[in-house]
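This report goes through charged and aromatic side chains in turn. The sequence and structure come first.

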Amino acid sequence: REEHFRDFLNELRKKEREERDKLRVRMLDAAEQALRDLFAQQKLATSSSWSEAAAQLQSLMAPPLEEAEVKRVFQRLLDELKAQRRDAERRKKEMLQEKVRGIRGEAEQRFRGLLLAGDLSLQARWAGEGQDAGAEASPVALQALQDLAQAQAELGEGGAAAGGASQRDSVLVVRAAFDAAVHRVKGEVAEGRRLVRRVMHVHNVKVGGESRWEDFRGWVAGVAEGDKDKDKPRGRDRDGRAAAGEEGEEEDGEVRAEGESRGRESGSKAGRAADWEEADRALPALRALLSERAGVLRLVFQDLQAQASEEEEAERRERSRKEARFSALLQESIFRSDQLDMGYEDMKDLLHKRSAYQALGGKERRRLFQEHMLGLRAKMREKEQSMRRMKDGGEEAASTRAGSEESGAEDRRKAAAVREEGEEEDGEVAEREEQASKRPRRQ
């Protein structure tokens with residue numbers, strides 16, 4: 001009986017323990033659910049302390065449930081909620097970044113369109129200076145800023161708490177899109193410029209400061225379609241010996257040894273053949289540039305034209321400087337009246353060793369020499385006329401003075417003649433009186 005009693009007690013204790021454990025689990029679940037409800041109702045936050053949570057759970061913390069167990073549940077829920085918040089913020093940030101990347105890419109494409117259309121210059125700046133509006137005032141920039149502000153508002157960013165920083169970040173994003181578009185277009189222009197120059201070099205074509213876009217585009221279209229193949233040497237003439245090159249060599253008037261000439265001609269053949277082959281390989285890219293990227297081709301033309309204008313201006317300044325030096329040399333060396341009959345060959349013999357003479361070609365030297373001689377002759381004629389006028393003025397004054405002196409002398413001669421005549425009459429009267437006194441008187 002005692003053994004049966006002990007077994008009964010053990011079974012009873014076991015059932016009580018099991019019931020107590022089940023009750024504790026149910027109470028823990030209820031406490032956890034209550035905590036979740038409190039967090040969902042925002043009566044508790046991730047920054048709340050255990051004392052704040054315990055005040056809300058007084059009715060649930062009763063035996064067999066212990067406070068330490070509920071505190072552990074509370075801490076576990078806090079960790080879960082913090083992890084969920086971090087994940088939500090990370091996902092929100094990723095979504096915002098993805099949207100910002102999309103807006104930036106779209107803005108970059110639109111900026112590229114403005115650059116290729118010529119509405120924005122490759123030299124344009126983000127911020128304008130003076131009356132020149134920069135890229136920040138363009139419709140593309142304003143639309144991109146508006147899209148970024150809307151994205152930040154939708155994703156809970158850039159509100160009143162972070163408005164200033166978000167606005168600055170948005171401006172930086174749009175500016176980065178503009179800089180990327182400029183860098184990309186500049187790279188495309190540089191690549192297109194190398195391609196076009198390669199083809200222009202083979203066809204012996206240049207873009208000048210006065211060239212027109214329509215003519216240039218028509219020439220490129222002709223080359224891309226093969227219309228310019230008539231200029232291309234064929235067969236054994238693939239070496240590229242063009243008449244223009246031969247005429248240029250003849251105009252240079254340089255005499256070379258026969259062996260040296262043959263060697264250079266052979267090297268020119270190989271080089272020109274390689275140039276033509278390279279130009280042929282570049283034709284597909286040239287066709288793509290003409291059909292798909294006409295804006296890039298236009299910018300290439302503008303770049304070549306601007307560079308040609310700068311080179312022409314530099315050449316003009318250098319030519320003017322050389323002409324000024326040679327003119328000064330002429331003024332220093334040829335200025336006397338006995339040099340008026342000097343010819344070009346005489347000048348050449350006189351000045352051919354001077355650097356100012358050697359810096360110019362024969363046509364420029366001859367033109368400047370003729371202009372100098374014309375000016376020198378005109379100057380000498382003016383000087384001679386001036387001296388003649390001065391001489392004529394002196395003779396007239398001298399004749400006036402001589403006339404006055406002759407008139408005075410005539411008056412003086414007349415007075416003297418009158419005096420002499422009077423004196424002669426007085427002498428004759430005295431002589432007659434004297435003769436009369438000497439004659440004997442008649443009685």
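Arg 388 has a relative accessibility of 42% and counts as partly exposed. The model is a predicted one. Arg 388 forms a salt bridge with Glu 384, and their closest N and O atoms are 3.0 Å apart. Glu 384 is also partly exposed, at 45% relative accessibility. Both residues belong to helix α12 (residues 362-438), where they are 4 residues apart, about one helical turn. An α-helix has 3.6 residues a turn, so residues three or four places apart point the same way.

## Other salt bridges

The count of salt bridges comes to 21. One of them joins the side chains of Arg 316 and Glu 313, at 2.4 Å from N to O. These two residues are 3 residues apart in helix α9 (residues 294-333), again a separation of about one helical turn. Arg 316 is partly exposed, with a relative accessible area of 39%. Glu 313 is partly exposed too, at 30% relative accessibility.

Glu 32 and Arg 36 form a further salt bridge, with 3.1 Å between the closest N and O atoms. Both lie in helix α1 (residues 2-40), 4 residues apart, or about one turn of the helix. Glu 32 counts as buried because its relative accessibility is 15%, under the 20% cut-off. Arg 36, at 35%, counts as partly exposed. Glu 32 and Arg 36 also belong to a network of salt bridges that includes Arg 76 and Glu 80.

## Helix α3

Helix α3 covers residues 67-117, which is 51 residues. From its first C-alpha to its last it reaches 74 Å, close to the 75 Å expected at 1.5 Å a residue. Gly 118 follows α3 and has a positive phi, near 85°.

## A buried arginine without a salt bridge

Which side chain of opposite charge is nearest to Arg 365, a buried residue that has no salt bridge? That side chain is Glu 364, 7.0 Å away.

Arg 365 is located in helix α12. Its side chain reaches two backbone oxygens: that of Leu 360 at 2.3 Å and that of Tyr 357 at 3.1 Å. With neighbours within four places in sequence left aside, Arg 365 is in contact with Phe 326, Tyr 344, Tyr 357 and Leu 360.

## Aromatic pairs

The structure holds 9 aromatic pairs. In one of them, Trp 213 and Phe 216 are tilted, at 6.3 Å centre to centre and 35° between the planes. Trp 213 and Phe 216 are 3 residues apart in helix α6 (residues 213-225), about one helical turn. Phe 216 is buried, with a relative accessible area of 6%.

Trp 213 also pairs with Phe 301; the ring centres are 5.8 Å apart and the planes are at 50°, so this pair is tilted. Trp 213 lies in helix α6 and Phe 301 in helix α9, so the pair ties together parts that are 88 residues apart in sequence. Phe 301 is buried, at 4% relative accessible area. Elsewhere, Phe 39, Trp 50 and Phe 74 form one aromatic cluster.

Conventions
Residues numbered from 1 in each chain as written. Predicted model: local features only at pLDDT ≥ 70, side-chain atom pairs only at ≥ 80, totals over all residues. Heavy atoms only, no water. Salt bridge = Lys/Arg side-chain N within 4 Å of Asp/Glu carboxyl O. Buried < 20%, exposed > 50% of the residue type's maximum accessible area, 1.4 Å probe, protein only. Expected span 1.5 Å × (residues − 1). Lys, Arg positive; Asp, Glu negative; His and termini not counted. Polar contact = N/O pair within 3.5 Å; in protein donor to acceptor, adjacent residues only side chain to side chain. Contact = heavy atoms within 4.5 Å. Phe/Tyr/Trp six-rings, centres within 6.5 Å; stacked < 30°, edge-to-face > 60°.
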